[in-house]
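Dear colleague,

Please find the structure below, passed on to you for your own work. My notes on what was found in it follow directly after.

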Amino acid sequence: KYLQQSSRLRELHASLVGTLGKLLKAGHKAGVFRKDVEPLELYISIAGLSNFFFSNRATLATAFQTRLDTPAAARRRRQHAIDVILGYLRP
């Protein structure tokens, strides 16, 4: 209920999605992004690729018996997210 009363939260997210929309249009015009990408869906995908890893890395590290709390693991995750998103955006 508290977040529903926050105009600042809506402003920040609307601004971010608006910026993504402009970037998507420019990228499409330049021929590097496909046309049919919905800015809000892209934002949710980026957030999901990022947030899930960081909020669940202790559980994932235990489940897969690997270290995910290292700078190298963060770099690998970042690069993977970039590759996934750019792969989706390409025409």
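S6 sits in the segment that precedes α1, the helix spanning 7-29. Please bear in mind that the model is predicted. S6 counts as buried because its relative accessibility is 18%, and the cut-off for buried is under 20%. A polar atom of the S6 side chain lies 3.0 Å from the backbone nitrogen of L9.

L9 also takes part in a nonpolar patch on the surface, together with Y2 and L3. The accessible area of these residues together is about 340 Å². Y2 is likewise placed in the segment before α1. With a relative accessibility of 67%, Y2 counts as exposed, since that term applies over 50%.

As to the interior, nonpolar side chains in soluble globular proteins tend to be buried together. The largest nonpolar core in this model has nine residues: L20, L24, F33, V37, L42, L49, A81, I85 and L89. Two or more residues of this core come from each of α1, α2 (39-64) and α3 (71-89). The greatest contribution is that of α3, which gives three residues.

Turning to charged groups, side chains of opposite charge can pair when their charged atoms come close. The structure holds three salt bridges.

- E11 and R8: these side chains meet at 3.7 Å, N to O. Both residues belong to helix α1 and are three residues apart, about one turn of the helix. E11 counts as partly exposed, at 45% relative accessibility.
- R34 and D36: the N to O distance in this salt bridge is 2.6 Å. R34 has a relative accessible area of 26% and is partly exposed, whereas D36, at 55% relative accessibility, counts as exposed.
- D69 and R67: the closest N and O atoms of this salt bridge are 2.8 Å apart. D69 is partly exposed, with a relative accessible area of 49%, while R67 counts as exposed at 54% relative accessibility.

With kind regards

Note on methods
Residues are numbered from 1 along each chain as its sequence is written. This is a predicted model: local features need pLDDT of at least 70, side-chain atom pairs count only at pLDDT 80 or more; totals for chains, interfaces and linings use all residues. Side-chain values use heavy atoms; hydrogens and water are left out. Helices (H or I, at least four residues) and strands (E, at least two) are DSSP runs, numbered from the N terminus. Buried means under 20% relative accessible area, exposed over 50%, partly exposed in between (1.4 Å probe, protein chains only). A polar contact is a pair of N or O atoms within 3.5 Å; within protein, one must be able to donate a hydrogen and the other to accept it, and residues adjacent in sequence count only if both atoms are side-chain atoms. Patches are made of residues with over 30% relative accessible area and no salt bridge: like charges are joined within 9 Å, nonpolar side chains (Val, Leu, Ile, Met, Phe, Trp, Tyr) within 5 Å. Accessible areas come from the Shrake-Rupley method with a 1.4 Å probe; for residues, only the protein chains shown count as cover. A salt bridge is a side-chain nitrogen of Lys or Arg within 4 Å of a carboxyl oxygen of Asp or Glu. A nonpolar core is a set of buried Ala, Val, Leu, Ile, Met, Phe, Trp, Tyr and Cys residues joined through side-chain atoms within 4.5 Å.
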